[in-house]
Amino acid sequence: MTRDALKIVTIGGGSSYTPELIEGYIKRKDELPIKEIWLVDIEEGKEKLAIVGEMAKRMVKAAGLPWTVHLTLNRREALKDADYVSTQFRVGLLNARIKDERIPLSHGVLGQETNGAGGMFKAFRTIPVILDIIKDMEELCPDAWLVNFTNPAGMVTEAAIKHGGWKKTAGLCNVPIGHRKQAAEKLNLPEDELFFKFAGINHFHWHRVWDKTGKERTAELIDLIYGPQSETESHLKNIHNVPFHYEQIKDLGMLPCGYHRYYYIEDEMLEHSIEEFKKGETRAQVVKATEARLFELYKDPNLDYKPKELEERGGTHYSDAACELIASIQNDKRTDMVVSTANNGTITDLPYDCIVEVSGPVTSHGPEPYNWGAFPPAARGIIQMMKGMEETVIRAAIDGDYGAALHAFTVNPIVPGGAMAKTLLDELLVAHKEHLPQFAEKINEIEATQPETVAYVSHLMESN
């Protein structure tokens with residue numbers, strides 16, 4: 001396969017996001033000389049793969065393009081001679097996310113898909129799989145780029161680059177895209193007339209904004225978005241819209257990520273999540289219902305475009321960002337994007353070789369982040385703690401080290417330490433036994449010595 005006849009592979013091709021991915025490729029048909037698109041999934045996802053795959057074929061046909069769309073459960077077949085590999089899979093499917101959220105919330109603790117106890121367990125399930133994918137890529141497509149937007153995107157990307165050794169990896173998130181659009185709307189300026197600098201880690205970054213005259217507009221945006229006269233709002237569909245404390249954001253002098261709500265206003269976020277749990281309406285359960293409706297739409301043999309309802313899924317712009325990143329690498333476009341990539345001194349407060357989420361142009365050799373420098377103390381302290389937590393999670397995911405997993409739970413600021421951390425860890429290990437072979441010995445020990453843990457998990461899932 002040559003670079004003028006691209007083979008693009010998506011692992012997790014049965015995802016409800018795939019129509020957005022296909023739309024993104026179609027929009028860039030003049031930039032991407034695509035020959036083949038391969039959508040890959042697993043046995044449990046084959047029905048969804050068939051539905052969304054047929055829709056992808058209809059979209060390509062409606063666009064009048066000669067691309068071939070392949071559907072397969074054979075990952076190795078798909079990866080052979082691939083040029084770009086994107087990953088959007090979910091180990092354990094949405095039922096695993098429901099466990100990630102409901103088990104912690106049953107104890108009055110935030111689960112959350114990427115930031116709390118649930119996010120750490122999503123990493124435990126996902127990191128071994130991304131490393132297996134890389135082993136296949138080393139053999140079958142050694143020159144391919146890996147574009148990851150599987151959550152928790154920062155940790156998965158760090159595992160791929162630092163532990164899998166796949167340097168041609170970039171991680172993506174839709175959150176910065178929403179923040180860019182929000183700033184442009186508030187300032188009543190075209191987005192391309194603003195300059196943004198984001199820095200931090202996935203779902204834990206801050207940003208600053210300048211206009212084309214060179215004037216920094218960050219303080220003005222803080223007032224417009226979070227000031228006393230502003231209306232409470234968020235562009236994130238999947239996060240409860242609790243207002244930040246204006247004085248705190250003003251003191252930071254930077255615009256926060258929407259996910260900072262889980263840390264800056266944890267009590268209000270937790271209270272709302274517990275209310276959802278009691279009503280049987282956790283975010284995971286809502287997403288599962290939304291996804292079911294989407295796939296009913298996708299079954300329509302006349303539907304050959306991305307439906308507006310997909311925006312309610314919560315991850316809008318993810319796939320389109322992946323397409324733009326691929327186009328920027330392919331054509332050395334140097335598109336200014338926010339990506340998870342190697343720090344290399346960009347943020348002086350974090351380890352040189354760790355993975356950070358930062359702004360910069362995407363070149364033919366990958367992202368080239370803008371220098372950020374140091375954070376103010378209030379941000380520096382918490383991000384260093386969060387990066388230490390991420391590194392510990394990754395080590396536990398790879399080694400199956402129970403002590404490291406417990407330490408990660410203790411370090412994470414939205415998970416209580418002590419007995420509660422151990423209780424949550426043990427219950428989630430039992431709940432996800434099928435997808436955590438690296439922890440098999442410890443799980444067997446828990447099942448043999450803690451029958452009450454097994455009974456509690458079983459009862460909670462049955463009640464769901």
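Reply: Phe-204, Trp-206, Tyr-263, Trp-372 and Phe-375 come together as one aromatic cluster. The model is a predicted one, in which local features require pLDDT of at least 70 and side-chain atom pairs count only at pLDDT 80 or more, whereas totals for chains, interfaces and linings use all residues. Residues are numbered from 1 along each chain as its sequence is written, and side-chain values use heavy atoms, with hydrogens and water left out.

Across the whole structure, a search finds 14 aromatic pairs. Rings of Phe, Tyr and Trp (its six-membered ring) pair if their centres lie within 6.5 Å; planes under 30 degrees apart are called stacked, over 60 edge-to-face, and the rest tilted. One of the pairs is formed by Phe-195 and Trp-210: the ring centres are 6.0 Å apart and the planes stand at 55°, so this pair is tilted. The pair links distant parts of the chain, since Phe-195 belongs to strand E7 (residues 194-201) and Trp-210 to strand E8 (residues 204-211), 15 residues apart. Strands (E, at least two residues) and helices (H or I, at least four) are DSSP runs numbered from the N terminus. With 32% relative accessibility, Phe-195 is partly exposed, while Trp-210, at 18%, is buried. Here buried means under 20% relative accessible area, exposed over 50%, and partly exposed in between (1.4 Å probe, protein chains only).

A further pair is made by Trp-372 and Phe-375, both members of the cluster named above. Their ring centres lie 5.5 Å apart with the planes at 45°, so this pair is also tilted. Trp-372 is buried at 13% relative accessibility, and Phe-375 is buried at 4%.

Charged side chains meet aromatic rings as well. The charged end of Lys-7 sits over the ring of Trp-38, 4.6 Å from the ring centre, and Lys-442 lies over the face of Tyr-402, 4.2 Å from the ring centre. The criterion is that NZ of Lys or CZ of Arg is within 6 Å of the ring centre and within 35 degrees of the ring normal.

Rolling a probe the size of a water molecule over the atoms shows where empty space is left. In the whole structure, a search finds two cavities of 30 Å³ or more. A cavity is a set of points, on a 1 Å grid over the protein atoms alone, where a 1.4 Å probe fits but cannot get out; lining residues have an atom within 4 Å of a point. The largest cavity has a volume of about 90 Å³, a volume being the space filled by probe spheres set on the points, which are joined across faces, edges and corners.

Its lining consists of Thr-114, Asn-115, Pro-152, Gly-154, Met-155, Asn-202, His-203, Met-386, Met-389 and Glu-390. Helix H6 (153-163) and helix H14 (377-399) each supply at least two lining residues, and H14 gives the most, with three. By class, four lining residues are nonpolar, five are polar and one is charged. For this count, Ala, Val, Leu, Ile, Met, Phe, Trp, Tyr, Cys and Pro are nonpolar, Asp, Glu, Lys and Arg are charged, and the others, Gly among them, are polar.

Pro-152, one of the lining residues, is joined to Asn-151 by a cis peptide bond, with omega about -10°. Pro-152 lies in the loop between strand E5 (145-148) and H6.

Met-386 is another lining residue, and its C-alpha atom is separated by 24 Å from that of Gln-88, 298 residues away along the chain. Gln-88 is placed in the loop between strand E4 (84-87) and helix H4 (93-105) and is buried, at 9% relative accessibility. Leaving aside neighbours within four places in sequence, Gln-88 has contacts (heavy atoms within 4.5 Å) that include Thr-10, Tyr-17, Phe-149 and Ser-319.

Gln-112, in the loop between H4 and helix H5 (117-140), has a positive phi of about 65° although it is not a glycine; Gln-112 is buried at 10%. Asn-188, in the loop between helix H7 (175-187) and E7, likewise has a positive phi, of about 55°, without being a glycine, but Asn-188 is exposed at 69%.

Definitions and conventions
1 Å grid on protein atoms, 1.4 Å probe; cavity = no way out; pocket = protein on both sides within 12 Å on 5 of 7 lines; lining within 4 Å.
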